[in-house]
Amino acid sequence: MDHILTLGFLATTLGATWRLATPIIFASVGEVISERAGVLNIGLEGTMLIGAFTGFATVYATGNLPLGFLAAGAAGALAGLLFAFFAITIKANQIIVGAALNLLGLGLTSFLFRTYLVQTGQGVQIVPAMDVPLLSQIPYFGTPLFRQNVVVYSTILVALGAYFLLFRTSFGLTLRAVGEHPKAVDVGGRSVALYRYAAVLIGCSLAGLGGAYLTLAHANQFVEGMTSGRGFIALAVVVFARWSPIGAFFVSLLFGMFYALQLQLQAEPSIHIPYQVLQAMPYLATIVALLLVRNRTDTPATLGVPYRKV
Amino acid sequence: MKKTAISRRSLLASALGLTLAGTIWSGLAHAQDFKMGLLVTGSVAEEGWNRIAYEALKRVEKELGAKISYVELQQNPASFEKAFRDYASQGYQVILGHGFEFQDSAQTVAEEYPDTVFLISSSNVHDGKVIGLNTDSSQPFYLMGAIAAKMGKAAGLIGGMEIPPIKEALEGFVNGAKDASADFKVSQVYLGNFTDATAAKEAAINMIHGGADFVVPDADAAGLGTIQAVREAGPEISTFSIFSDQTEIAPKNILGTYIADYGQGVVRIVKGIKEGTVPTSNVDFGLKDTDVVKFSYNDKAAHPVSEDVRKYVEDVRAKIIAGEIKTRHRQ
Amino acid sequence: MADINIPPPTNATSILAGASLRAGLSRLAKATAPPVVAVLLALLAGAVLLAVTGFYAFDIFTVMVNGVFQDVGSIAEMLLRATPLILIGIGLCVAFRCSIWNIGAEGQFYAGSCAATFCGVQFAGLPSWAHILLILVAGAAAGALWAAIAGLLKVLFNASEIVTTIMLNYIAIFMTSYLVTGPLMESGAAYPQSAKLLREVWLPRVVPSTRLHIGILIAVALAMIIYVFLFRSSAGYAVRIVGINSHAARYAGISVRRSILLAISISGSMAGLAGAMQIAGVTHRLYQDISPGYGFEAIAVALLANNNPVGAIFSGILFAVLDSGSELMQINAQVPQVLVFIIQGMVILSVVGFAALKFQSARPQE
């Protein structure tokens with residue numbers, strides 16, 4: 001029990017937090033971009049699985065890690081294209097299309113894995129961890145926090161990049177306008193559909209990369225259904241973060257921390273809490289958090305609503 | 001899993017034939033074939049629990065010349081009875097339900113199909129022709145616990161879900177460790193599923209940071225995440241390979257391999273059934289069945305198990321087989 | 001969302017009645033043709049996938065259909081599987097008509113199963129009919145309460161029900177896992193399962209020597225009742241108006257909050273009832289994985305029926321055929337059973353594709 005209160009325990013928790021948050025950061029930041037343009041994609045879970053599988057299959061076949069991530073991002077974008085075609089061009093209900101994408105993602109990756117990649121034995125070589133100069137020398141915290149692989153570090157860039165894109169470029173300005181006042185954008189002579197396509201494609205390729213993190217930068221194997229609900233968590237993160245990419249980064253970390261703490265507390269024999277209670281913690285916390293956020297103003301005005309030209 | 005087109009074509013032709021046979025000739029036409037079916041609750045493609053049953057089925061096909069078929073039902077208790085009935089009505093002589101959860105449905109269907117033998121994995125049922133086949137993993141895990149306690153400082157165990165085969169295995173490990181060294185610390189984590197390799201890896205990393213130098217998974221495919229964590233942690237951290245030989249994944253860290261050659265055991269039982277002898281009680285495979293439950297050492301590990309620890313292990317192995325040491329159900 | 005309203009019965013002359021019948025039939029044909037074509041397209045896509053990966057698609061589908069409709073027993077099994085899908089599906093029709101995106105039917109099903117099991121193993125000595133009734137009511141109530149949590153959070157805190165219902169799914173599943181390894185665990189047994197319900201409280205079966213229980217009849221009856229509720233009652237009208245435009249509804253004096261709570265509770269109660277029937281009618285005890293995802297599959301069932309409860313009977317049966325068939329496909333041709341997810345995904349996409357195209361051509365302007 002005592003070592004729970006030590007700096008070492010804290011540092012371990014923080015390191016695990018960041019690693020467990022990484023796939024959620026990718027997916028939720030992507031979803032922020034998509035939802036800012038007014039498109040709600042609940043198919044993140046399926047998209048992440050597609051990314052995880054494609055990345056794994058590519059690296060298994062070629063041994064080339066960067067190519068694996070590239071393929072995962074492209075596969076995510078392809079899933080996004082399918083989603084966008086139905087949700088934006090055909091103007092079908094976005095929740096329905098998202099549900100279909102989840103089914104397709106789970107079905108396709110499991111089917112192809114069983115048909116082509118059953119015996120993958122050793123798995124693939126994953127992205128190696130690297131020390132951040134100086135920072136990794138900090139006592140206690142250095143090793144757990146600053147000895148991660150480059151994908152984990154890149155989450156900072158992803159969040160900052162999305163922030164820059166959304167709030168510091170004219171593309172981002174228009175993209176947000178598409179989510180709030182599509183009619184104005186349309187009248188101004190720009191294509192609402194085009195911006196929404198772009199937002200969905202960016203969002204889904206990030207989700208694909210988040211999936212690829214699972215197979216190429218954390219575990220080294222593909223397991224059917226291995227996203228284990230992370231895509232749904234990312235959806236909750238977006239709401240909790242009030243559609244801000246920087247917010248999504250920190251809220252994802254909070255979730256990562258709950259995951260990490262859950263695993264750590266279970267390993268403490270002196271704590272007699274049923275493990276199911278610990279596992280339910282992150283989900284309970286989300287609900288409580290939603291009550292605390294309690295806002296309606298930040299929601300993109302046309303979220304989930306297809307745009308029809310006048 | 002992929003076969004040539006020709007064989008798949010003929011498989012289908014026979015399946016169509018069977019569908020018809022079921023309606024017209026009530027299975028008479030195919031009475032002479034010996035057929036075995038398998039029900040699993042997950043994917044046979046993944047390393048671990050379901051794969052063991054699949055391998056066993058393939059062994060029955062190869063060694064006994066049986067026609068085989070399997071079905072992956074997901075975790076859906078409502079579908080078990082129908083699948084049993086599908087096979088039984090097609091004249092399958094033996095059906096293996098791979099998990100204790102198949103027990104109820106097998107007992108129900110068995111009343112209607114008195115000629116079919118229902119084998120249930122991880123169960124101790126014996127009710128007419130419904131026969132439990134349990135592999136007592138607590139025995140090899142007891143040996144692993146003993147090794148960990150003799151060689152290490154603390155151990156961590158990562159289980160998939162809290163179900164009997166896993167709970168008992170972890171219990172065996174703890175007992176083995178405590179008997180070897182009374183104050184050896186063992187911590188446990190359940191993932192709540194068999195798919196989250198990411199969580200399995202993080203749980204292992206956390207245990208290693210907490211001072212464990214032995215981290216052992218029992219979580220099917222998710223367990224690969226644990227092996228990965230141990231490998232990355234370097235040669236000072238050790239683990240064991242569970243159910244199938246994964247030594248090549250972490251050759252420096254895996255000190256030994258527990259292989260449940262369930263196929264051997266199943267072939268033995270099914271051979272008996274084919275020749276007309278149905279077991280008269282439930283079957284419990286343990287260390288006494290040296291052809292089924294195997295535990296071997298990896299001499300190429302960074303710190304292979306030393307001679308005197310091996311001697312201790314041989315000693316307790318003999319006592320377990322003789323029934324002098326109880327590895328599970330201690331209270 | 002386009003409505004398919006069966007025209008109201010008319011008291012006019014026989015000629016008028018004939019015309020109205022013809023119009024009704026053609027409208028029915030127009031309403032049913034797109035889903036049928038959509039399903040065929042999805043099956044075609046599945047067949048192409050099978051062919052590409054080296055299976056004989058046509059033979060496989062023949063085996064599948066032959067197997068599902070082989071005899072009374074296999075049809076009964078298929079209907080048994082359709083029962084929870086229909087029940088949850090008709091409930092979701094109400095929620096979706098109100099534009100409440102209840103993704104939490106899975107959790108509500110688990111909550112219903114837990115409550116039903118608790119009542120099933122307690123209260124021994126009640127007359128059998130009263131005990132069965134208690135089990136079903138408890139299941140429905142638990143499902144409704146579980147859903148009402150999300151409903152309350154929505155009306156009081158404006159918390160997105162998409163998020164809260166997903167979270168409540170996880171919590172319900174962990175709660176079930178805790179119950180079957182703890183308080184509800186069968187005493188003296190090692191397995192994570194509840195005690196078995198006594199035979200007196202099993203649901204009566206409707207087809208001799210099959211497992212098909214009375215639940216399928218209840219499901220069909222409830223589909224009719226919910227249809228009448230949605231399209232012939234003022235509360236149902238309010239639910240639909242809120243779904244179409246909540247501002248207009250508020251303006252028209254409709255209590256939006258009450259409609260939302262009512263809609264989500266009804267959908268939760270159907271899911272909970274389905275869970276109770278699964279316990280009392282099929283498994284007779286509680287397991288950790290009591291549902292293979294009925295709650296998610298039923299979302300597609302409702303949507304395929306265009307949120308029409310009567311239509312949900314048929315789409316529920318269709319999905320049950322796909323489920324049963326995919327198992328047969330694996331038994332007889334060793335096609336990975338996960339193919340069913342792909343086909344279901346395709347079914348949804350082609351259905352929404354058709355529906356949206358029709359919607360656009362019918363209403364070029366808004």
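Arg19(A) and Glu202(B) form a salt bridge in which the closest N and O atoms are 2.5 Å apart, a salt bridge being a side-chain nitrogen of Lys or Arg within 4 Å of a carboxyl oxygen of Asp or Glu. The model is a predicted one, in which local features need pLDDT of at least 70 and side-chain atom pairs count only at pLDDT 80 or more, whereas totals for chains, interfaces and linings use all residues. Residues are numbered from 1 along each chain as its sequence is written, chains are lettered from A and ligands numbered from 1 in the order in which they are written, and side-chain values use heavy atoms, with hydrogens and water left out.

**Chain A against chain B**

- Helices (H or I, at least four residues) and strands (E, at least two) are DSSP runs, numbered from the N terminus.
- In all, 32 residues of chain A are in contact with 37 residues of chain B, where contact means heavy atoms within 4.5 Å.
- About 3,100 Å² is buried between chain A and chain B, 54% of it on carbon and sulfur atoms; buried area is the accessible area (1.4 Å probe) that two parts lose on being put together, summed over both.
- Of the area that chain A buries against chain B, Arg114(A), His218(A) and Leu263(A) supply 18%, more than any other three residues.
- Between chain A and chain B, 12 residue pairs are in polar contact, both residues being at pLDDT 80 or more. A polar contact is a pair of N or O atoms within 3.5 Å; within protein, one must be able to donate a hydrogen and the other to accept it, and residues adjacent in sequence count only if both atoms are side-chain atoms.
- Helix H1 (7–36), helix H4 (94–116), helix H11 (245–266) and helix H12 (275–293) of chain A each supply at least two residues of the side that touches chain B, and H1(A) gives the most, with 4 residues.
- That side of chain A divides into 13 nonpolar, 15 polar and 4 charged residues, with Ala, Val, Leu, Ile, Met, Phe, Trp, Tyr, Cys and Pro counted as nonpolar, Asp, Glu, Lys and Arg as charged, and the others, Gly among them, as polar.

**Chain C against chain A**

- Here 43 residues of chain C are in contact with 45 residues of chain A, and the area buried between the two chains is about 4,100 Å², of which carbon and sulfur atoms give 81%.
- Met167(C), Phe174(C) and Leu349(C) supply 15% of the area that chain C buries against chain A, more than any other three residues.
- The count of salt bridges between chain C and chain A is 0, and that of residue pairs in polar contact, both at pLDDT 80 or more, is 2.
- Helix H1 (14–52), helix H5 (128–157), helix H6 (161–181) and helix H13 (339–362) of chain C each supply at least two residues of the side that touches chain A; H13(C) gives the most, with 13 residues.
- The residues on that side of chain C divide into 33 nonpolar, 9 polar and 1 charged.

**Sheets of chain B**

- An open sheet of 3 strands has the order E8-E7-E9 (chain B), with parallel pairing, two strands being paired if DSSP finds at least two bridges between them.
- E8 and strand E9 (214–218) of chain B stand at the edges, each with a single partner strand, so one side of each is left without a neighbour in the sheet.
- Strand E7 (residues 154–159) of chain B pairs with E9(B) in the parallel sense over 5 bridges, and Ala155(B) stands opposite Phe214(B) in E9(B).
- H7(B) packs on this sheet, touching E7, E8 and E9 of chain B, and its direction makes about 165 degrees with that of E7(B); axes are lines fitted to C-alpha atoms, for helices over the stretch in contact, and angles run from 0 to 180 degrees between N-to-C directions.
- Another open sheet of 3 strands has the order E10-E11-E13 (chain B), with mixed pairing.
- In E11(B), Gly256(B) is the bridge partner of Phe240(B).
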